[in-house]
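Here is a protein chain to explore. Take a look at the sequence and the fold before reading on.

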Amino acid sequence: MFRRLNYTLSALLFLFVLHTAMVQNPAVAAVTDEPLADDLRARFKGESFSLGILLQTQAYFSYRDSDFNGGRSWDLGSTRIDFRGTVDRDFTYRVRVYYLSQQQSIDARVGYRFSENTELVAGAFKPYLSRELDPSPGRTDFVRRARYVGAMMNSLEVGTSLLGKAGPVGYRLGIYNGTGVQGMRGNTDNRFLYTARAFTTFELNGSPLVIGASGALNQSPAARVGNTGLTSKANRYLYGAFADYRAEHFFVAAEWAQTFFDAPEYANRQETITGFHATIGYKAGRRHELLARWDYLSFDLHKNPRDRLLAGLNYYPTSLITFRLNVVFEPDSQAGSQAGVAAVFQYMF
């Protein structure tokens, strides 16, 4: 009875928020400009020096009393300060400090632009392993990224990448320590993570369609495999493909990724992790987006394939403020289906 009541109340809450967000506030509709936001950009967004700030508060609720979807909790989300710019002779820099649950991690890099289409960057930053990993946490479609990103990848690596374009094909070639930022000091295993990505953009009905593929080889021994708690004995291979189409009122995105490695936790047997997401979205005016996603993750040795279905509403009352609301459902005929809600309230400059 109480479970049915939880489902009913949550459904009513979602419909109420959806209705409220879809009906434009007259006070907001009457003001089409943002003088304070424009003043901030004029003061702090320059070529040689640009300041960025991201503040997020997140909330999670599981219908069952479990840790599904983060359980029932509040979280700080992604909170960071970002400094970057371009200086004389086309050298670039970027320092980004994160404050996550009292732990600090640093995204710091320097670079050089050889030309308009070619740049070399070195430092600690996101490796180019997945299209889903690329966006800032403030620009993701859903509250959380697809699960395979966390299961297969470190969010930051230390190394260098060459970013460029040759004709219609863009590329990202990288070499990193392969142990994330936690292992950047005292890394003397003489092994590296090598990454490669190629992609191209087509014009489809006047809007861009991006198609590409990525691959990686991590030779670092005993390297952690994402957030799975597993490690790879030696070589770990990762590969995938993606497509992303963004029109004026409609967008679709999909990515498939797989990694395999010998896992000491399973007596050095080969483990294979497979992940996939398919996302569709509709832009209902300037300030609203409706989304749906199929998120799949499976392990070969740990037999727990999981389909996860998400519905989302994104609301942008101003160019600096975002509300995201997700309803999450995970069907399971044996252990029982799970469902929950996730939300984020965000300021991003």
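The paragraphs below go from the inside of the structure to its surface, and then to its charged pairs. Keep in mind that this is a predicted model.

How many cavities of 30 Å³ or more does a search of the whole structure find? The search finds one. The space in this largest cavity is about 110 Å³. Its lining is made of 14 residues. Closest to the centre are Leu-129, Met-152, Leu-193, Asn-218 and Arg-236. Two elements give two or more residues each to the lining: strand S10, residues 207–218, and strand S13, residues 236–246. What kinds of residue line the space? Eight are nonpolar, three are polar and three are charged.

Gly-226 sits in the loop between strand S11 (223–224) and strand S12 (231–232). Along the chain, Gly-226 and Met-152 are 74 residues apart, yet 4.6 Å separates their C-alpha atoms. Is Gly-226 buried or exposed? Its relative accessible area is 14%, so Gly-226 is buried, because buried means under 20%.

Glu-271 gives another pair to trace. Glu-271 belongs to strand S15, which covers residues 269–283. Its relative accessibility is 0%, so Glu-271 counts as buried. Phe-261 is ten residues away along the chain. The C-alpha atoms of Glu-271 and Phe-261 are 5.6 Å apart.

Which residues make the nonpolar surface patch? They are Phe-44, Phe-49, Ile-81, Phe-83, Val-95, Tyr-99 and Ile-106. The patch covers about 550 Å². Strand S3 (80–86) and strand S4 (91–100) each give two or more residues to this patch. Take Ile-81, which is found in strand S3. With 31% relative accessibility, Ile-81 counts as partly exposed. Patch residues need over 30% relative accessible area, so the 31% of Ile-81 passes that cut-off.

Follow the chain from S3 towards S4. The loop between them holds Arg-89 and Asp-90. Look at their backbone angles. Phi of Arg-89 is near 65°, a positive value in a residue other than glycine. Asp-90 is not a glycine either, and its phi is positive too, near 70°. How open are these two residues? Arg-89 is exposed, with a relative accessible area of 73%. Asp-90 is partly exposed, at 41%.

Next come the charged pairs. The structure has 16 salt bridges.

Begin with Asp-39 and Arg-43. Their closest N and O atoms are 2.9 Å apart. Where do the two residues lie? Both are in helix H3, residues 35–44. They are four residues apart, which is about one turn of the helix. Asp-39 has a relative accessible area of 36%, so Asp-39 is partly exposed. Arg-43 reaches 60%, so Arg-43 is exposed.

The next pair is Asp-141 and Arg-246. Their side chains meet in a salt bridge of 3.2 Å, N to O. Asp-141 lies in the loop between strand S6 (118–125) and helix H4 (147–152), while Arg-246 lies in strand S13, so the pair ties together parts that are 105 residues apart in sequence. Strand S13 also gives residues to the lining of the largest cavity. Asp-141 is buried, at 15% relative accessible area. Arg-246 is partly exposed, at 29%.

End with Arg-308 and Glu-330. Their side chains meet in a salt bridge of 2.8 Å, N to O. Arg-308 is in strand S17, residues 306–315, and Glu-330 is in strand S18, residues 321–330. The two are 22 residues apart, and their pair links distant parts of the chain. Both residues are buried. Which residues are joined with it into one network? Salt bridges with shared partners join Arg-147, Asp-295, Arg-306 and Asp-332 to Arg-308 and Glu-330.

Key:
Residues numbered from 1 in each chain as written. Predicted model: local features only at pLDDT ≥ 70, side-chain atom pairs only at ≥ 80, totals over all residues. Heavy atoms only, no water. 1 Å grid on protein atoms, 1.4 Å probe; cavity = no way out; pocket = protein on both sides within 12 Å on 5 of 7 lines; lining within 4 Å. Points joined across faces, edges and corners; volume = space filled by probe spheres on them. Nonpolar A, V, L, I, M, F, W, Y, C, P; charged D, E, K, R; others polar. Patch = residues over 30% accessible without salt bridge, like charges linked within 9 Å, V, L, I, M, F, W, Y side chains within 5 Å. Areas by Shrake-Rupley, 256 points an atom, 1.4 Å probe, with all protein chains shown as cover. Salt bridge = Lys/Arg side-chain N within 4 Å of Asp/Glu carboxyl O. Buried < 20%, exposed > 50% of the residue type's maximum accessible area, 1.4 Å probe, protein only.
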